Amino acid sequence: MTLGELVDQVRIYHPEADANLIARAYDFSERMHQGQKRLSGEPYFVHPVEVAKIITNMKLDVPSVVTGLLHDTVEDTLTTLKQIEKEFGPEIGGLVDGVTKISQINFTTREERQAENFRKMIIAMAQDIRVILIKLADRAHNMRTLSYLPEAKQREIAEETLEIYAPLAHRLGIYWLKSELEDNALRYLHPEVYAQLKQDVAKKKAEREHYIAEVLAILQQKLAEAGISAGVYGRPKHFYSIYQKMQSQNLLFSQIYDLVAFRILVDSVRECYEALGIVHSHWKPVPGRFKDYIALPKANLYQSLHTTVIGPYGERIEVQIRTHEMHRIAEEGIAAHWTYKEGDRELEDAQRFAWLRQLVEWQQQLKDPQEFLHTVKEDLFTEEVYVFTPKGALYNFPQGASVIDFAYRIHSEVGNHCTGARANGRLVPLRYQLQNGDTIEIITTPQQTPSKDWLKIVKTSKAQARIRQWIKSQQRERSVALGRELLERELTRYHLDLTTLRKQNKIEAALKALSLKDEETLLAAIGYGQFTVGNILSHFVPPPDEPRVGQAADAAELEKIRQKTPREDKSGGVRVGGIGDVLIRFGRCCNPLPGERILGVITRGKGVTVHTTECSRLLESDPQRHVPVSWDNGAENLRPIKVEVLCEDRPGLLAAMSKAISAAGINITSADVRTLSDKRALNVFEVMVASAEDLQRVMRNLGRVRGVVKVARVKNSSRRGASSLTGDL
């Protein structure tokens, strides 16, 4: 896109735009990126121009377009933020800073880097919502050109896009961008599925277009007869939404009928409900499939009526009904709230985005990177139900939320002591799931405290975080008490006590040598086994014939574990803190494989338990017990993993699946095959794999077999078949 085309694009929606400022940024970016190439071979400058173009599609202001042009100058060239501020002013300097990744800090793990970059972005977007809009435009263009990156990087970026950026686009109400991000992520995460969907959709194109035309004609005729002036449109659903439906309902593509959504646009809210009556009087509505987002708008201000009806030839069709203004907000999202007055930008009530305030709260409260990222992902993308307090206050919750979620929404202490509730005056248990329109009253007792089991029934991030916080505090209290008892018992042998050591400043010296912040942390570390008492005593009563040597905490304990470990206890190909032959266990809750990102947890008396960094069990453990671990690339260890396959029940399919596994060079150690009532079969294969790459190859091969509906890894796989509720910390 040339400079003239870019300026023309902006002036379509902002006639008084400062073309000179855009031209200066265009020239500056081109000059700074001079000589740089993308992996595709094209000049790097193409990227910032395309990002600016996407920003104009969102109809954002001139500073946003300028930031799109400049967004990579600080990160990828010698340009400094001070230089940007001097050339383009503090407003644009702040936006460029907001979208620039943190690159000056060395992070221990990829998750820590991802969490801190996202944390920075949240702080910046809380101050100026344009930061995330520009970041989304940047991500959209990166996804369009992802094919030039290595496969591992493609999957990493696509996964992050699906987990964070697409939900953000959804929350901001920019549905065209959300759909594009999801479809492109599917293309790289499940290429075989994407190709098959593309092929299947293309086969039905002519049939679908004929059906759309027929339904549109009926709708237009019925609305005209009722005197309603309306625009009626039909559109095919995007690939990712079809894939989601196939996965959630275990369907084949041929079993999905509502591949098309119809939209009716009218002039007023009254006509929305009149149009709904016409649709329902002509076609029978599907029970439970009507949603009124006009009376109860979504958190991103989205408003519309949604209904599903049995249309011509008995096929289900989805119909959305909204006003033209609602449609503008639905398509443009938050950008629909921008207005221009004398070239200045105004945003109508950005504080209405309660979820944004919630994200800011999470980044302030949750210091553990894994827990922070998990919370963000859980909280971003949820369907909602609406319930009332006894006084009539309205709250929204994700579907499947329980009364415990409601209790924690009221107050953390109410949640901690919740024993039950009344829903519409009727006593209900803690596991009761909130329903639209419920009036909930919480019952508490001082004796009640959170349980680990609560984590299985709560859905909101706030409830999960508070419960984990309680569990961690209880673990810590027990560890502190045990550590104190062990240390004091040993100190009495030397006629010492903690009070004396404090007065002599020996505890302070030990804390400094061990890089610990306070005495309680030291006692907790002894309690859960990070240090032995003997190691700590060396700081208070060093042997007379040896100099006292301050030793790093984790290295000392790991060396102690290593010395105690029998030689036959192998590490399973994992190195802890750079030391081999450490007593290692793998968490049965996630069963990590070489190639997956992992983290170790010190477990008293049991060495180090290894989990994947995505494992929810990590979130329940004290971050101070975490130790860096890595795969030993030289080790070759086959591990049993279970793969679950849902497929059609027909002759020859089991043989085809077995052949697909063998073709991947993988051995099957056991198979459990069951036929289901709906002419399907559920197969669980235990296979021996050496890495995550091996497993992915097996699953890809199985996914290509005609008649296979769904392939999934059974995370709690073990030779004894551990239940999904078990796991080691």
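An axis here is a line fitted to C-alpha atoms, for helices over the stretch in contact, and angles between axes run from 0 to 180 degrees between N-to-C directions. With that in hand, let's walk through this structure, which is a predicted model.

We can start with a pair of helices. Helix α11 covers residues 175-189 and helix α12 covers residues 191-203; they pack at an angle of about 120°, and their axes are 5 Å apart. Angles of 65 to 115 degrees would count as roughly perpendicular and those over 145 as roughly antiparallel, so α11 and α12 are oblique to each other. Which residues in α11 and α12 meet? On the α11 side they are D183, L186, R187, Y188 and L189, and on the α12 side they are P191, Y194 and L197.

Strands of a sheet pair through backbone hydrogen bonds, either parallel or antiparallel. In this open sheet there are four strands, in the order β21-β22-β20-β23, and their pairing is antiparallel. At the edges sit β21 (667-675) and β23 (708-714), each of which pairs on one side only. On average, neighbouring strands of the sheet are turned by 20° against each other, direction ignored.

Take a look at one pairing in detail. Strand β20 (residues 639-648) runs antiparallel to β23, and six bridges join the two. As an example, L646 has K710 in β23 as its bridge partner.

Key:
Residues numbered from 1 in each chain as written. Predicted model: local features only at pLDDT ≥ 70, side-chain atom pairs only at ≥ 80, totals over all residues. Heavy atoms only, no water. Pairing = 2+ DSSP bridges. Parallel < 35°, antiparallel > 145°, perpendicular 65-115°, else oblique. Contact = heavy atoms within 4.5 Å.
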